[in-house]
Amino acid sequence: MVNLTLNNHMKLVLKNGVELLCDHQDQIIKEWAGILEYMKIHHKKSAHAFEFAFSFFSQFLKMSEQNIDHLISDIRTEWFQQFHRPPEPNLLIFILSLLENAVHKVIKLNTTRSFHLHPSVQFLFSKICEEMLASTKHDKFHIDSLCEQMVRSEQLDIEWIARVEHVENGYQLKKITGLSMETKFQVIASSWFQITEEILQKTGGKKGRSDVFPIPWKNETLLFCINNHDGSSIVPFLTYAMHVLQIEEENYQIHWKDAVILFNEWIMRSKNLDEAIKNIAYGYAHYLPFERCAIFRYSNIEEKGQGLFGYHFNDEEIRSIKENIDNFPSLYKSLARLNPANEALKNFQPMYFSHASEEFPYRYVQTFQLESVVVAPIYVPADGKLIGAAFLDRGPGKFFDVDSNTFAALLKFGQGAGELLSKFTEPEHWPSKDPLLSSREISVLELLAEGASTTEAAEALHLSEYTVRDYVSNIMKRLNARNRTEAAVKAIRLGIIK
């Protein structure tokens with residue numbers, strides 16, 4: 001009987017994601033190549049980073065054997081070797097979003113009933129993003145950086161450090177740090193003695209003059225080659241250093257993941273659209289380091305944003321907003337990439353504005369006392385649909401920065417919120433006007449839902465029949481309903497009436 005632990009199961013999910021990429025690799029690589037050509041012309045600043053990612057993933061998919069651990073760890077290592085600095089969160093999210101969305105597109109075009117395949121792809125790119133952001137947060141504690149610092153240290157007298165991974169029926173050298181020149185070679189052996197002997201021979205180690213000590217590290221083992229003396233005295237220090245490094249990385253990962261779990265548990269209790277919108281706004285402000293949240297829906301046809309709900313904002317003022325997106329230059333430029341003409345560059349990423357006055361119309365800056373603002377997309381990645389956005393800050397007139405940890409959480413929050421909202425109603429079926437009716441229109445609708453005629457509704461509300469008919473006509477128009485019955489059904493589903 002196989003004991004399938006959660007950890008092993010999630011590894012299988014990652015493996016499935018890699019297999020999906022491999023199964024469609026020719027079309028995916030072609031799609032990525034098209035994005036690269038477009039970026040070289042229109043996004044030159046980001047093109048170099050995308051070209052690195054394109055080359056890395058393309059080579060990985062063409063390998064005879066794909067190892068998920070190699071993919072996730074090697075992309076971080078090679079990024080540092082290529083750019084000599086950690087990735088900028090915004091750039092990283094942008095690049096990975098382009099890669100992922102291209103994969104979703106290919107899968108949908110080639111697979112019927114593909115909805116059950118997308119989660120593996122989402123998890124794969126989410127994991128890669130997590131690892132890359134972890135390197136941004138903990139550059140000094142990254143395993144390769146730590147190894148480099150150790151071999152450069154005059155006090156430790158370490159000649160080299162080898163990262164050895166456990167493979168089927170033996171061990172394989174993954175990377176070696178500390179050689180005088182860049183030397184690449186493969187070593188595979190069935191025992192610790194053999195692999196140590198072969199590495200010593202390859203590195204020119206002299207018999208009796210070097211001690212090699214193995215220290216466990218996650219799914220690997222690090223071999224420390226100590227020069228000319230008994231190095232057993234520093235082994236406890238090295239073991240402790242590895243222990244601290246692992247704690248640091250685990251502590252980094254747990255915080256934003258917990259926030260995502262709590263947010264999703266919170267919003268899933270929603271029973272209708274109106275409740276979902278309010279729960280989403282509360283969740284953004286409660287589970288992330290923000291004070292206020294305004295939820296807006298986005299109409300791609302009208303290119304407008306419509307206020308739906310404000311948490312710790314003036315709710316009535318938020319709901320009254322219906323604004324052309326071109327009045328927000330950076331947002332408009334970002335959304336332009338989602339248009340069909342630029343389908344290859346479709347991506348969803350949070351945007352941070354340190355000074356709202358440089359981006360937002362003056363009336364909103366003054367009314368809501370905006371300083372720093374984050375705009376987080378609410379979207380369904382598998383369908384390539386942007387539903388809306390959450391506007392977030394830390395209170396009136398508050399300046400703040402946003403760390404990579406929060407950016408990672410915002411991506412997952414937006415995905416969870418988008419998938420929930422899409423369950424209640426498809427975005428294109430949302431009301432074309434204000435989603436919430438006036439109090440008088442709601443009263444009329446409630447009576448109609450109870451079976452009242454136009455005459456009976458008029459009498460109950462002390463209105464003329466003509467006025468009630470006007471209300472009914474307006475209700476049907478706002479809810480895009482063909483008759484009064486459909487209007488009542490839609491209103492119940494949207495949470496406007498019970």
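1. Let me start with the contacts: among those in the protein chain between residues at least 6 apart in sequence, 61% join residues at least 24 apart. Please keep in mind while reading that this is a predicted model. The protein chain has 498 residues, and 53% of them count as buried. Its secondary structure comes to 18 helices and eleven strands.

2. Strand 4 runs antiparallel to strand 5 (residues 220-227), and eight bridges join the two. Within that pairing, Ile215 has Leu222 of strand 5 standing opposite.

3. Which helices lie across this sheet?

4. Is Val151 buried or exposed? Its relative accessibility is 18%, and because the cut-off for buried is under 20%, Val151 counts as buried. Leaving out residues up to four places away in sequence, Val151 touches Ile158, Glu159, Trp160, Ile161, Thr177 and Gly178. Its C-alpha atom is separated by 9.4 Å from that of Phe224, a residue 73 positions away along the chain.

5. Now for the six-stranded sheet, also open and antiparallel in its pairing, in the order 8-7-6-11-10-9. Strand 8 (322-324) and strand 9 (351-353) have a single partner strand each, so one side of each is left without a neighbour in the sheet. From one strand to the next, the twist averages 25 degrees.

6. With strand 10 (residues 373-380) it pairs in the antiparallel sense over seven bridges. Ala376 stands opposite Ala390 of strand 11, while Pro377 has Ala389 as its bridge partner there. Strand 6 is joined to strand 11 by six bridges, again antiparallel, and Arg292 is the bridge partner of Asp393.

7. Helices pack on this sheet as well. Helix 14 (residues 404-424) touches strand 9, strand 10 and strand 11, and its direction makes about 45 degrees with that of strand 10. Helix 10 (residues 273-287) lies across strand 6 (292-299), strand 7 (304-311), strand 10 and strand 11, at about 70 degrees to strand 7.

8. The largest nonpolar core holds 126 residues, and Trp32, Phe57, Tyr284 and Phe360 touch the most other members. Helix 5 (residues 89-110) supplies the largest share of this core, with twelve residues. Another core lies apart from it and has 20 residues, including Leu146, Met150, Phe224 and Met242.

9. What does Tyr284 contact, leaving aside its neighbours within four places in sequence? The list runs through Phe263, Phe290, Cys293, Ala376, Pro377, Ile378, Ala390, Leu392, Leu410, Phe413 and Gly414.

10. Finally, the aromatic rings. The count comes to 20 aromatic pairs. In one of them, Trp79 and Phe83, the ring centres are 4.4 Å apart; the planes stand at 40 degrees, so the pair is tilted. Both residues lie in helix 4 (residues 68-83), four residues apart, or about one turn of the helix. Trp79 and Phe83 are both buried. They also belong to a cluster linked by ring pairs, together with Trp32, Phe52, Phe56, Phe57 and Phe125. Trp32 and Phe57 in this cluster are also named among the residues that touch the most other members of the largest nonpolar core.

How values were computed. Residues are numbered from 1 along each chain as its sequence is written. This is a predicted model: local features need pLDDT of at least 70, side-chain atom pairs count only at pLDDT 80 or more; totals for chains, interfaces and linings use all residues. Side-chain values use heavy atoms; hydrogens and water are left out. Rings of Phe, Tyr and Trp (its six-membered ring) pair if their centres lie within 6.5 Å; planes under 30 degrees apart count as stacked, over 60 as edge-to-face and the rest as tilted. Buried means under 20% relative accessible area, exposed over 50%, partly exposed in between (1.4 Å probe, protein chains only). A nonpolar core is a set of buried Ala, Val, Leu, Ile, Met, Phe, Trp, Tyr and Cys residues joined through side-chain atoms within 4.5 Å. Contact means heavy atoms within 4.5 Å. Two strands pair if DSSP finds at least two bridges between them. Axes are lines fitted to C-alpha atoms, for helices over the stretch in contact, and angles run from 0 to 180 degrees between N-to-C directions.
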